[in-house]
Amino acid sequence: MEVRQREHDEHLKKIREQQAAQEAAKEVRKKEFDIRLREQRKVQAERDERQGKLHRQREEEWERNMAAQQEEVKKRQMEARNGGDVGHAPPRRVSPPTGGGGG
């Protein structure tokens with residue numbers, strides 16, 4: 001009877017050791033996962049920041065281009081009002097002259 005009890009106790013001890021080892025391995029995997037997740041989030045945050053800067057640069061460039069176009073339009077309007085050109089060809093006519101011809 002005593003031998004059986006000892007074998008049973010050893011068996012339970014082995015099971016507890018295995019469970020403890022599995023639990024420890026699970027904790028290690030969880031910590032590794034958390035570390036990888038933190039690293040991925042950091043990389044993603046850096047990437048988002050770069051994308052944001054690039055986006056802002058594109059917006060600023062677009063705004064500069066729009067301002068330059070508006071200045072060009074104002075300049076052409078002034079030229080058209082004054083009837084002269086300031087070193088450029090006169091503004092092109094948008095539509096052909098209307099009049100007779102076909103018939």
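Predicted model: local features only at pLDDT ≥ 70, side-chain atom pairs only at ≥ 80, totals over all residues.
How many residues apart do E49 and K53 lie in helix α1? The views below get to that pair after a look at the whole chain.

View 1. Residues are numbered from 1 along each chain as its sequence is written, and side-chain values use heavy atoms, leaving out hydrogens and water. The chain has one helix and zero strands (DSSP runs numbered from the N terminus: H or I for helices, at least four residues; E for strands, at least two).

View 2. Helix α1 covers residues 2-82, which is 81 residues. From first C-alpha to last, α1 reaches 118 Å, close to the 120 Å expected at 1.5 Å a residue (the expected span is 1.5 Å times one less than the number of residues). Just after α1, G83 takes a positive phi of about 75°.

**View 3. K30 meets D34.** A search of the whole structure turns up three salt bridges (a side-chain nitrogen of Lys or Arg within 4 Å of a carboxyl oxygen of Asp or Glu). In this one, the side chains of K30 and D34 meet at 3.7 Å, N to O. These two are four residues apart in helix α1, so about one helical turn separates them. K30 is partly exposed at 47% relative accessible area, and D34 is partly exposed too, at 28%.

**View 4. E49 meets K53.** Back to the opening question: E49 and K53 are four residues apart in helix α1, about one turn. Their side chains form a salt bridge at 3.6 Å, N to O. E49 counts as partly exposed at 46% relative accessibility, and K53 does at 43%.

**View 5. E72 meets R76.** The closest N and O atoms of this salt bridge are 3.3 Å apart. Being four residues apart in helix α1, E72 and R76 sit about one helical turn from each other. E72 is partly exposed, with a relative accessible area of 33%.

Key:
Buried < 20%, exposed > 50% of the residue type's maximum accessible area, 1.4 Å probe, protein only.
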